[in-house]
Amino acid sequence: MSRPAPPPLTCLPLGEQPRRRLPQLFIGLALYGFSLSLMVRASLGVNPWSVLYEGLEHRTALSFGTISAALGVLVLLLWIPLKQRPTFGTVANIVVLAYSSDLGLALLPQHLGLPARAGLLVGGVLLNGLSVAVYVGARFGPGPRDGLMTGASTATGRSLRLIRTLVELTVLVLGWLLGGTVGVGTVLYALAVGPLTQFFLPWFVYRSGAGRGAGAGAPEGDSVSGPPRRPHPTARSEVGA
């Protein structure tokens, strides 16, 4: 029995069905930012980039969300030698995540008991996997960190898995040295968020006219009569925004 074809994730033009896709993008990014705040308030370990945000938050007067936005802009500068081009989704990723994560941290209480913190952690990981599927499925292009990984993979010829591992280990260690929280939540996130995103993605991925007309397993083009779309080098967004 053959495996089903993966859902299409190539970046589509901003003008294609914006009333359908834009709300999905913004909702997904807002939920993603809120999921990060759930894991932070759980205080049981966060994902590698959030470890770095937390570490810098301890060392500066900046908020968690402001740091995530500032690092997002700095990462975009690394796209230049990699010949990567930001999309609307890239910019939205930086802005919406910053506001939604800070809002979540302002609303959620601190210093909860262990059962409540465990619930926040599990809920945060589940919501994170769902939210990634929602915003990636809108197909507006990768976030700044995803584009860095895919661009570096293309430029060096190394596998995306290797590049991603090296980048995330680097930010994890740096964040830990700065005082970020590493714990069971970090491990749970690493093990669970990929399978969760893969599970939810077919429910939320937007398919253009050709993809819907030809079926999920057929090549997708720009329109019903158009040729198949060439995959964008940064189209397949990875977990972690």
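Reader: Tyr53 and Phe64: buried or exposed?
Author: Buried, both Tyr53 and Phe64. Keep in mind that this is a predicted model. The label "buried" goes to residues under 20% relative accessible area.

Reader: What makes the pair of Tyr53 and Phe64 edge-to-face?
Author: Two values settle that. The ring centres are 5.3 Å apart, and rings pair if their centres lie within 6.5 Å. The planes of Tyr53 and Phe64 stand at 85°, and planes over 60 degrees apart count as edge-to-face. So the pair is edge-to-face.

Reader: Why say that this pair ties parts together?
Author: Tyr53 sits in helix 2 (residues 48-59) and Phe64 in helix 3 (residues 64-79), so the pair ties together parts that are 11 residues apart in sequence.

Reader: How many aromatic pairs does the structure hold?
Author: Seven. Ring pairs also link Phe26, Phe88 and Phe140 into a cluster.

Reader: How do you know that Arg21 lies over the face of Phe140?
Author: Arg21 is at 4.0 Å from the ring centre of Phe140, and the cut-off asks for a CZ of Arg within 6 Å of the centre and within 35 degrees of the ring normal. The charged end of Arg21 also sits over the ring of Tyr206, 5.6 Å from its centre.

Reader: Why are helix 3 and helix 6 called roughly parallel?
Author: Their axes cross at roughly 25°, and angles under 35 degrees count as roughly parallel. Helix 3 and helix 6 therefore get that name. The axes come within 8 Å, and the crossing is left-handed.

Reader: Which residues meet where helix 3 and helix 6 come together?
Author: From helix 3, Ser68, Leu71, Gly72, Val75, Leu76, Leu78 and Trp79. Across from them in helix 6 are Pro144, Arg145, Gly147 and Leu148.

Reader: Why does Gly147 count as buried?
Author: Gly147, found in helix 6, has 0% relative accessibility, and so counts as buried. The cut-off is under 20%. As for Thr90, its C-alpha lies 8.6 Å from that of Gly147, although the two are 57 residues apart in sequence.

Reader: What does the secondary structure of the protein come to?
Author: Nine helices and zero strands. From the N terminus on, the elements run α-α-α-α-α-α-α-α-α. Buried residues make up 50% of the 241 residues. Among contacts with a separation of 6 or more, 81% are between residues 24 or more positions apart.

Conventions:
Residues are numbered from 1 along each chain as its sequence is written. This is a predicted model: local features need pLDDT of at least 70, side-chain atom pairs count only at pLDDT 80 or more; totals for chains, interfaces and linings use all residues. Side-chain values use heavy atoms; hydrogens and water are left out. Rings of Phe, Tyr and Trp (its six-membered ring) pair if their centres lie within 6.5 Å; planes under 30 degrees apart count as stacked, over 60 as edge-to-face and the rest as tilted. Helices (H or I, at least four residues) and strands (E, at least two) are DSSP runs, numbered from the N terminus. Buried means under 20% relative accessible area, exposed over 50%, partly exposed in between (1.4 Å probe, protein chains only). Axes are lines fitted to C-alpha atoms, for helices over the stretch in contact, and angles run from 0 to 180 degrees between N-to-C directions. Angles under 35 degrees count as roughly parallel, over 145 as roughly antiparallel, 65 to 115 as roughly perpendicular and the rest as oblique. A crossing is left-handed if the near helix is turned anticlockwise from the far one by less than a right angle, and right-handed if clockwise. Contact means heavy atoms within 4.5 Å.
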